[in-house]
Structures are given as structure tokens and as C-alpha cells.
Amino acid sequence: MEAASKDDLRLVTETLAGNQLSFQLLVERYQQRMFALVRHYTRNPVEIEDIVQDTFLKAYTRLPSFQQASSFYTWLCRIAINTALDFQKRVGRNPVRGVEDPELALSPDGIEGSRPTGTRLPAPDARLERDEIARITQTVLEEIPEIFRTVLVLREFEELSYQDIADVLGISIGTVESRLFRARARFKDKLLALHPEFGEGWS
Amino acid sequence: MEFTCKEAVPMIGAYLDGELSPASAALLRPHLLECPACRNSTADGRALQRWFTPLRESASAPAVPSGFAARVARRAVAGDTGERSAPAAQEGKLLPFVLRLTAVAAAVTLMLALGVRLRSRPDAGSLSADDRKPLSMSQIQSELDRLNGVVPVEPAANETTPAEGRAARAKKRGIQEQR
């Protein structure tokens, strides 16, 4: 578990002592990353702002319970993800949660790339614009169940360690590893289902 | 002991992420040298990472509105807990309406319940809410005798035979009927 930085701890302590400016500095430090994280749960800019705002307001209220042995950022991630999922539930966009695919997990034949005859996943075509790749990746992410999307987002975009992901999601490192494995297989399957042209020529 | 593809494949992601323990990595590496299928899986894993890079580095990440941090800090200190929905436009109208409706329904139900309960209570008359003290047996007897114009009986006469008791009760009933 990554410990909170000394600077974060100082700002947390000052905030708890009633210093509004210190909390403002904490928000400024993490607001961009929170906006980037929450965009994986909704594309609506107003909703993103509302969710991030609620995340920081909840963080302020719960600051006395912040365990200073953990990273302020991973603690904030946990609040943000829960706020985003609660929001989706409230507006009727029930995220697909708790989906584990036992068939995919248990069958080595279903495992990404384990069959020599299976469709391989190529890297993005060099002719594709970076923005186009980003757009395709975001669409594919939105199509996979939330449980897999979240673990991919934390690893591939937030670049958290397995231990930090375990900390954010409240699961073991072993579960992080197996969930990431399944999430990548799902991502690949969905990418090739939406864009079969990317799989051509790799069999 | 043979290290199989079934064991190797789930490790490849952690290996590429630099999260595999040295002991597990020492098992995986020789297998990758021998197994083309698992080498393909490793190549696929690397290819997958390249699909994520552009979105991670994308300039299209939503811009933070100016003054956001100051606004949030002000609201936090003012006591806004954030423990609420971030309402969508429709929900913003619907939820308060449903809450108000529920509150009104609850108030009406309470008033009805109180009304029904009050109505089902016996009224003062039927409760015989007479603040006079109840009469003793001897007082009743003397009252009966007074009404019938006979002399009062001794208190010992309370110990009546069954026949006398019946007669007294009949006499009492007669008085009640007269009333």
C-alpha cells in the first residue's frame, strides 16, 4: 500500500484543523485525475463535474476516518468510483456489476491467445490516428461489464500497482490478477467483435 | 515438475505489468522460450497495452472548470456533505416531487389513523365516568330498603341463604326495572 505523501498529509491535517485553503489545494492537486477517472463512467461533462464534486465533498466529510497509512489518491479513487456507480444506479443506468465469467476463467481454451489457431490481437494499425485509437478504446471499454472496466481503468489509465488496485477495490491481489486477466480477454473479444477487421491476417 | 500453459497464461499479464514475483517469473521465462502459443499470448498482451496508450495520453480528457477547487472547498466547509445524488435533469424534477408526495401521504395516513383511533374509543357516557365512590354492600342494601320502605337490615344479613340471595337479586332487578 502506497503511503500518503508528506505533503498530502500536511494538507489533510490542516484541513482537519479547519483550513479551507488547504482543502482547496488538495482538490487542485487531484481534480484533473478525478475528472479523467470519472469520464470512464459517463461522457456527459455536467455529470462528470457533479460526480467529481460529490467525491471531494464526501472526502471532506470522511477526512477524519482517512487512514494516513494509505495513499490519499487511492482513497479518493475509491470514493470516486463508488460515487460514479451510485450515480449510474440512481439515474437508471444500472452498471453490470459482479459479473465473473467462470467459463472464461476456467477454460484454458477460452484464454486470450492460448490457442495457436485463435484470432490474435494486433497492436493498433500505424495508419490510425491516435485520437481514433483513443475513441475506439473508449467505446470498447464502455461495452464491457463495469467490474472489468474498473480494474482496467485503474491499471491502464491510473497506472496503479496491483496492491493499490486491491486497496481501492477492497479485494486481494490474487483477485486483482485474475480479474485483470479476464478483463483483458473481454476487452480483446469486444474489440474484435466491434472491429473484426483488426483481427484479420493474424490467424 | 512440468510447467504447463494452463499455469503460464494467467501469469503473462502480471509479467508484462512487472507485478510477477521473481519466483513466478523464473518459472515463466523458460516456458516462454519453449512454447510458441504462450509467446503469442505475450505478444498479444503487449499489443493490448498499445491500445490503451493513446487514450491514457489523450488531450481529450475533460477540462476542469475554472474555479472548481475553490467552489468545492467553500461548499465543503459550508457543510455540504455530497451525500446525495448528482441529479440528472429529469430526476431533479421527479425526486423532490416524489418525496413531497410521500410526505403528504404519510401525514394524511397519520391523521386518518388518529381519527379512527379516537372514534373507536368509548365516549365519556358509556365509560360511567362517575366520580362518586362506589357504594358498599350495606349502603346498597339500605338504599334498596329505603326505596321499598322497610327497615334497614343488619350488616350480618349479607350472609344470606341462596333463596334469600335470589330474592334479593330479584328485588334489585325489580328496582332497576322501575328505574
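In this predicted model, the largest share of the lining of the second largest cavity comes from α9(A), which contributes four residues. This cavity is one of two that reach 30 Å³ or more, and its own volume is about 30 Å³. The residues around the second largest cavity are Tyr162(A), Glu177(A), Leu180(A), Phe181(A) and Arg184(A), joined from the other chain by Pro10(B), Gly13(B) and Ala14(B). When the lining of the second largest cavity is sorted by class, five of its residues are nonpolar, one is polar and two are charged.

Arg184(A), one of the residues that line the second largest cavity, also takes part in a salt bridge, in which its side chain meets that of Asp17(B) at 2.9 Å, N to O. Across the interface of chain B and chain A, seven salt bridges are found, while the count over all chains comes to 14. A further salt bridge is formed by the side chains of Glu49(A) and Arg71(B), with an N to O distance of 2.8 Å. Glu49(A) belongs to helix α3 of chain A (residues 45-62) and Arg71(B) to helix α4 of chain B, so this pair joins two chains.

On the side of chain B that touches chain A, at least two residues are supplied by each of α1 (5-16), α3 (36-56) and α4 (68-77) of chain B. It is α3(B) that gives the most to this side, with 15 residues. Sorted by class, the side of chain B that touches chain A consists of 26 nonpolar, 10 polar and 14 charged residues.

Taken as a whole, the contact involves 61 residues from chain A and 50 residues from chain B. Between them, the two chains bury about 5200 Å², and 62% of this area lies on carbon and sulfur atoms. Of the area that chain B buries against chain A, 16% is supplied by Trp51(B), Phe52(B) and Leu55(B), a contribution that is more than that of any other three residues.

Definitions and conventions:
Residues are numbered from 1 along each chain as its sequence is written. Chains are lettered from A and ligands numbered from 1 in the order in which they are written. This is a predicted model: local features need pLDDT of at least 70, side-chain atom pairs count only at pLDDT 80 or more; totals for chains, interfaces and linings use all residues. Side-chain values use heavy atoms; hydrogens and water are left out. Contact means heavy atoms within 4.5 Å. Buried area is the accessible area (1.4 Å probe) that two parts lose on being put together, summed over both. A salt bridge is a side-chain nitrogen of Lys or Arg within 4 Å of a carboxyl oxygen of Asp or Glu. Ala, Val, Leu, Ile, Met, Phe, Trp, Tyr, Cys and Pro count as nonpolar, Asp, Glu, Lys and Arg as charged, and the others, Gly among them, as polar. On a 1 Å grid over the protein atoms alone, a cavity is a set of points where a 1.4 Å probe fits but cannot get out, and a pocket is an open set with protein on both sides within 12 Å along at least five of seven lines; lining residues have an atom within 4 Å of a point. Grid points are joined across faces, edges and corners, and a volume is the space filled by probe spheres set on the points.
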